[in-house]
Amino acid sequence: MAKSSSTFVCQSCGNVTSKWAGKCEACGGWNTITEEGAAPPLGNNAGPRKRGRRIALEDLKTVDKEPPRRITGTAEFDRVAGGGLVPGSALLIGGDPGVGKSTLILQALASYANKGGHAVYISGEEAMAQVRLRAARMGLSEAKVALGAATNVEDILTTLESQPAPGIIAIDSIQTIWTSALEAAPGTIAQVRTASFDLVRYAKASGAALLLVGHVTKDGQIAGPKAVEHLVDAVLYFEGERGHHFRILRAVKNRFGATDEIGVFEMTGAGLSQVANPSALFLGDRHSNAPGNAVFAGMEGTRPLLVEIQALVAAPAYGTPRRAVVGWESSRLAMILAVLDARGGLGMGGHDVYLNVAGGLKVGEPAADLAAAAALISSFTGRALPKDTVYFGEISLSGDVRPGPQAELRLKEAAKLGFTRAVVPTGTKADGVGLALHPISDVAELAQFAGGARGPGPVAVVK
Ligand code: TYD
Ligand code: MG
């Protein structure tokens, strides 16, 4: 038998060591290592192997009939999950504490129950009264969601197995669930993994769709959702900036659907409301005609999304110029500034440069380059860009502008929201979108359009 002694496990990356240390060697995290009782040995290396059950091996060709998805009725949630929840699957919803995970889950369960489904909500964090209070605030008190408060996974499984399997079972949150099979404290990696594993196994056996809620932790004091990502079929992250009322549900892993989908919600006084037209939300009221604002025709997954990129280029307040970016990569900003200087003759190197993506959204697409560059030039030259124009295209180090994917979808969205003109990479084809295209091939041409030699006045529109 293996000697049973305790081990030290990094709560951030799961690295196991025999000694405690202040810094984890594997991931470099500080103060993330805690002592845990030895996990039961994996496999049966000690002693003779127990006889197992024979499993059927089949060929790849066999087509299993796809089971019907369980539609919760919260449309944005269903879409990000890949078109509803798959029976027997496990889905993890991660996010910062307070972002609205419990609210989202309760809303999805209530809409599922209202459609006649059997939904169970197990709260490990909040007392029943608190959950009821939230339901009342959201106007969902009448929904037939079976509510329970428990943290012990054996209690939960005994309860579930004593009744017909629910269509959807939600556990809020995995970090509070523990199994009496282990000595480690609740919230440690060993506990979170073992308890999640037991729940996933129940889901597979019973056909219930399992929703696990997981808090993202920065300091690694409790095991984060990363510890169970490999156990589940889909991982969704619920994101939102403090001070902004909108929330984004993003798929980062999905065995049953696309991973670049997002769902947009708005946190209101009575729960989350779904935002069917996110562009209108992110663009907000654009009254100001100040220099430095450009609208980027972006894509989030399969959906077009228009966002405003704001730039401020100012004389430096102190000796060293400052750079600050919100919602975009700072290395990308440095690159664009260098290209504008080297290829467009616009030396902003000595200036303070601030760049902000309005609404608190994070933009990761390279196609945002053109809009960011246009905003920078506009602020630098002090000339406002035309209000009715959108931009998209990637800028290369040579200063050339490269076409981005899905031009037509982006332009259609822009036309829908009242824009009449688009500055796009040369060669972009989009017929019949009802938008005048202004193709440009390099940053020098952009500089000319956005306030350089000719200023932003009416340009020759090339259809
Ligand atoms: P919650 O779902 O408890 O977050 P999580 O489970 O991710 O920790 O939501 C917490 C925040 O949402 C809280 O600060 C209050 C706010 N909220 C509203 O603004 N409106 C509502 O209707 C509800 C239920 C919550
Ligand atoms: Mg919660």
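Sixteen residues, written here as 16, surround ligand 1, with G98, S102, T103, T268 and G271 the closest; a residue joins this shell if one of its heavy atoms lies within 4 Å of the molecule. Keep in mind that this is a predicted model, where local features need pLDDT of at least 70, side-chain atom pairs count only at pLDDT 80 or more, and totals for chains, interfaces and linings use all residues. Residues are numbered from 1 along each chain as its sequence is written, chains are lettered from A and ligands numbered from 1 in the order in which they are written, and side-chain values use heavy atoms, with hydrogens and water left out.

**Around the ligand**

| Residue | Part of the residue | Distance to an oxygen atom of ligand 1 |
|---|---|---|
| T103 | polar side-chain atom | 2.5 Å |
| R134 | N or O atom in the side chain | 2.8 Å |
| G271 | polar backbone atom | 2.5 Å |

How much of ligand 1 does the protein bury? Taken alone, the ligand exposes 550 Å², and the protein buries 76% of that. Those areas come from the Shrake-Rupley method with a 1.4 Å probe; for residues, only the protein chains shown count as cover.

Which elements give two or more residues to the shell? They are α2 (101-114), α3 (128-137) and β11 (262-268). Helix α2 makes the largest contribution, three residues. Helices (H or I, at least four residues) and strands (E, at least two) are DSSP runs, numbered from the N terminus. Sorted by class, the shell has four nonpolar, eight polar and four charged residues. In that sorting, Ala, Val, Leu, Ile, Met, Phe, Trp, Tyr, Cys and Pro are nonpolar, Asp, Glu, Lys and Arg are charged, and the others, Gly among them, are polar.

**The whole chain**

Stepping back, the chain has 463 residues, and 49% of them count as buried. Buried means under 20% relative accessible area, exposed over 50%, and partly exposed in between (1.4 Å probe, protein chains only). The secondary structure comes to ten helices and 21 strands, and the C-alpha trace spans about 80 × 55 × 50 Å along its principal axes.

The chain is divided into domain 1 (6-40), domain 2 (75-276) and domain 3 (281-451), with bounds that come from an automatic or database domain assignment. Between the C-alpha centres of domain 1 and domain 2 there are 27 Å.

**The nonpolar core**

In soluble globular proteins, nonpolar side chains tend to be buried together. In this model, the largest nonpolar core has 63 residues, and the members that touch the most others are F296, W328, L340, L361, L376, V390 and L411. Such a core is a set of buried Ala, Val, Leu, Ile, Met, Phe, Trp, Tyr and Cys residues joined through side-chain atoms within 4.5 Å. The top contributor is helix α8 (residues 369-381), with eight residues. Domain 2 and domain 3 each supply at least three residues to this core.

Where does the chain have a cis peptide bond? One runs from D172 to S173, with omega near 5°. S173 sits in the loop between β7 (168-172) and α5, and T176 is in the loop between β7 and α5 as well. The backbone oxygen of S173 lies 2.7 Å from a polar side-chain atom of T176. T176 counts as buried because its relative accessibility is 18%.

N31 is not a glycine, yet it has a positive phi of about 60°; N31 belongs to the loop between β2 (16-17) and β3 (33-36). Q406, also not a glycine, has a positive phi of about 55°. Q406 lies in the loop between β19 (401-402) and α9 (407-416), and its 40% relative accessibility is why it counts as partly exposed.

**Two alanines in helices**

A280 is part of helix α6 (residues 278-283). Is A280 buried or partly exposed? At 38% relative accessibility, A280 counts as partly exposed. A280 and L305 are 25 residues apart in sequence, with their C-alpha atoms 8.8 Å apart in space.

A205 lies in helix α5 (residues 189-206) and counts as exposed because its relative accessibility is 73%. A205 and K253 are 48 residues apart in sequence, and 22 Å separates their C-alpha atoms.

Notes: A polar contact is a pair of N or O atoms within 3.5 Å; within protein, one must be able to donate a hydrogen and the other to accept it, and residues adjacent in sequence count only if both atoms are side-chain atoms.
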